[in-house]
Amino acid sequence: IYHAVYNCIFSNNILRARDDVDENRIVLTGNSWGGYVTCVTAGVDKRFAAFASTNGCGYIYNDTTWQKDGKFGGEKKEEWISLYDPSSYLPYATKPMLFVSGVDDEYFSAYNRQKSADLVKGKVFYSQRTNISHAAWNKQYETLAFFNHVLYGENSLTLISNITTTDNVATFTYENQNFSKVNFVYTTSTDKDSHKWKWESIEVTAENGVYSYEIPENATAYLFETSLTANFGQSTNIVFTNPDGDYQ
């Protein structure tokens, strides 16, 4: 991990030394473990203009997928976390950052991804979706739209606010609409392992341009998902009805 992050920094150095590169428009993205490394680098090298992590996130020591090989126990655990887990670096991330993933990704859980995103001090964008697999990173066009928005000021993304909740009704607010459909996505699963959660999706229609939905009884977590095409979608943050729940 140390050398992977070093290579990102060194690559930034090389690009910035080129006359044909705008040093203010260098960005970093990666999928899976590349997303993990992107999260660490986001808190280390702030010369990058923006970061997009696909699937990867922090808190993997609290993720059943990574616990199963037994490598996160013992006296070195806390030292490893402080040196190498993104959760130790994301609090220092101040540049715009996009998190892309399926809500049911098998390697990095939705719970740990949202916890990771909550650490970021910069503006956070989400594309947490119900229709993409871990290997579909090359079909997720919102990453390019995100970079075009940040680097060139293009109106390529919907600017989505975090969910607000009043009287058990969740509301989705936004600017610059780039979607044709909105779904309310939720789960009532209570399994400690959030990889096992089953998600339900219900299409929502707007009233006077506002999308709202009554939170189902016993909901564990929920979000709004937008879609423009099969390969372009954004979302809100994920809200957990018990934010202090002992999930993984």
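# Briefing: salt bridges, a covered helix and an open sheet

The side chains of aspartate 246 and lysine 192 form a salt bridge, with 3.4 Å from N to O. Aspartate 246 lies in the segment after β14 (239-240) and lysine 192 in the loop between β9 (181-187) and β10 (200-203), so the pair ties together parts that are 54 residues apart in sequence. The model is predicted.

**Salt bridges**

- The structure holds six salt bridges, and the pair of aspartate 246 and lysine 192 is one of them.
- Aspartate 246 is exposed, at 54% relative accessible area, while lysine 192 is partly exposed, at 40%.
- Another salt bridge joins aspartate 20 to arginine 18, and the closest N and O atoms there are 2.8 Å apart.
- Aspartate 20 is exposed, with 55% relative accessible area, and arginine 18 is partly exposed, with 44%.
- Glutamate 142 and arginine 129 also meet through their side chains in a salt bridge, at 3.0 Å from N to O.

**Helix α6**

- Helix α6 spans residues 142-152, and glutamate 142 is found in it.
- The helix is mostly covered, with eight of its eleven residues buried.
- Those buried residues are Glu142, Thr143, Ala145, Phe146, Phe147, Asn148, His149 and Leu151.
- They pack against β1 (27-31), β2, β3 (97-102), β4 (124-129), β5 (159-160) and β13 (232-235).
- Glutamate 142 has a relative accessibility of 1%; the limit for buried is under 20%, so this residue counts as buried.
- With neighbours within four places in sequence left aside, the contacts of glutamate 142 include Leu98, Val100, Ser127, Arg129 and Leu157.
- Asn231, Phe232 and Gly233 are also among the contacts of glutamate 142.

**An open sheet**

- Three strands make an open, antiparallel sheet in the order β6-β7-β11.
- β6 and β11 (211-214) stand at the edges with a single partner strand each, so one side of each has no neighbour in the sheet.
- On average, and with direction ignored, neighbouring strands of this sheet are turned by 25 degrees against each other.
- Four bridges link β7 and β11 in the antiparallel sense.
- Alanine 170 stands opposite tyrosine 213 in β11.

**Aromatic rings**

- A search of the whole structure finds 25 aromatic pairs.
- One aromatic cluster is formed by Phe172, Tyr174, Phe179, Phe184, Tyr186, Tyr211, Tyr213, Tyr222 and Phe224.
- The charged end of lysine 115 sits over the ring of tyrosine 59, at 4.0 Å from the ring centre.
- The charged end of lysine 123 sits over the ring of phenylalanine 125, at 5.5 Å from the ring centre.

- Most residues other than glycine have a negative phi.
- Tyrosine 59 is not a glycine, yet has a positive phi of about 65 degrees.
- Tyrosine 59 is placed in the loop between β2 (50-54) and α3 (64-67), and is buried at 13% relative accessibility.
- Aspartate 167, also not a glycine, has a positive phi of about 50 degrees.
- Aspartate 167 is placed in the loop between β6 (164-166) and β7 (169-172), and is exposed at 74% relative accessible area.

How values were computed. Residues numbered from 1 in each chain as written. Predicted model: local features only at pLDDT ≥ 70, side-chain atom pairs only at ≥ 80, totals over all residues. Heavy atoms only, no water. Helix = DSSP H or I, 4+ residues; strand = E, 2+ residues; numbered from the N terminus. Buried < 20%, exposed > 50% of the residue type's maximum accessible area, 1.4 Å probe, protein only. Pairing = 2+ DSSP bridges. Axes fitted to C-alpha atoms, helices over the stretch in contact; angles between N-to-C directions. Contact = heavy atoms within 4.5 Å. Phe/Tyr/Trp six-rings, centres within 6.5 Å; stacked < 30°, edge-to-face > 60°. Lys NZ or Arg CZ within 6 Å of the ring centre and 35° of its normal. Salt bridge = Lys/Arg side-chain N within 4 Å of Asp/Glu carboxyl O.
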